[in-house]
Amino acid sequence: MKNLLALLALCCALTAFLKPSKPTLYLIGDSTVRNTNAPQAGWGSQLASYFDTTRISINNSAMAGRSTRTFISEGRWDKVHNALKPGDFLIMQFGHNEGSAPDTTKAGRRGVLKGTGEETKDLVWPDGRQETVHTYGWYLRKFIKEAKAKGATPMVASMIPRNEWKEGKVIRATNDYGKWAAEVAKQEGVAFIDLNSITADKYDKLGPDEVKKCFPGDHTHTNEAGARLNAESVIDGIKATKSLPLNKFLAKKRS
């Protein structure tokens, strides 16, 4: 009897050991993805309710104030990269903090070179540390290629639009970061979530007065209602790419 119980215990242990762990969806980006400064909220905080979290985990590793460049230079990407495993997913959304001319000042430490090319700029920090700054597209390609190498499925999302209007329409990022994000996704053969356009279309329908209610304090950071709207836009973008394996983990009803 003791031998039988021991055998059963061993079988249970082996079953638990051999059972594949559920995949994880990792999010990387800036404060528009993860924001702990209430009442502001990033869309990543709302995303789990659109997924069947009994089958997939959501890990929001975005950090306020970061650009593609500083997300890497601070070692944040290394932590996500080391955790990635085959079957995982990655959504990257950057662009709000990249605009300054890249240098070693407080204002320029987040800046990257514009575009998607291979141009570089060499910097020397006051402590003697050397840094080579690349283009926005170069950093996105790094995330994509290294995620693929780990067996994960990377996706590129364009930045959410700010609450800025011109002639009755929300200003879109179709001539810079949104455009470059789309170009890199196409070049690397990964899904592109046109978050900027999807949300901008919704803002245009709502109008300036309604949209303003989603932005407490400034034109970049949404409240919880705005975060939900943007999370829904992310889901819209995922559903638009029907071949994307992530679709099978969507919840049938929002929890």
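**Reading aromatic pairs in a predicted model**

Biologist: Phe 71 and Phe 94: buried or exposed?

Modeller: Phe 71 and Phe 94 are both buried. Buried means under 20% relative accessible area, exposed means over 50%, and partly exposed lies in between, with a 1.4 Å probe and protein chains only. This is a predicted model, in which local features need pLDDT of at least 70, side-chain atom pairs count only at pLDDT 80 or more, and totals for chains, interfaces and linings use all residues. Residues are numbered from 1 along each chain as its sequence is written, and side-chain values use heavy atoms, leaving out hydrogens and water.

Biologist: How many aromatic pairs does the structure hold?

Modeller: Rings of Phe, Tyr and Trp (its six-membered ring) pair if their centres lie within 6.5 Å; planes under 30 degrees apart are stacked, over 60 edge-to-face, and the rest tilted. The structure holds ten such pairs. One of them is Phe 71 with Phe 94, which is edge-to-face, at 5.6 Å centre to centre and 65 degrees between the planes.

Biologist: Which parts does the pair of Phe 71 and Phe 94 tie together?

Modeller: Helices (H or I, at least four residues) and strands (E, at least two) are DSSP runs, numbered from the N terminus. Phe 71 is in helix α2 (residues 68–73) and Phe 94 is in the loop between β3 (89–93) and β4 (121–124), so the pair ties together parts 23 residues apart in sequence.

Biologist: Why is the pair of Trp 77 and Phe 143 edge-to-face?

Modeller: The ring centres of Trp 77 and Phe 143 are 4.9 Å apart and the planes are at 65 degrees, so the pair counts as edge-to-face. Trp 77 belongs to helix α3 (residues 76–83) and Phe 143 to helix α4 (residues 136–149), so this pair ties together parts 66 residues apart in sequence. Trp 77 and Phe 143 are both buried. Phe 71, Trp 77, Phe 94 and Phe 143 form one aromatic cluster.

Biologist: How many helices and strands are in the chain?

Modeller: The chain has eight helices and nine strands. Its C-alpha trace spans about 80 × 50 × 35 Å along the principal axes. Of the 255 residues in the chain, 47% are buried.

Biologist: What pLDDT does the chain average?

Modeller: pLDDT is the predictor's confidence in each residue, from 0 to 100. The chain averages 93, and 91% of the residues score at least 70. Over residues 13–18 the pLDDT is below 50, and this stretch has zero contacts in the model beyond near neighbours in sequence. A contact means heavy atoms within 4.5 Å. Among contacts in the chain with a separation of 6 or more, 71% join residues 24 or more positions apart.
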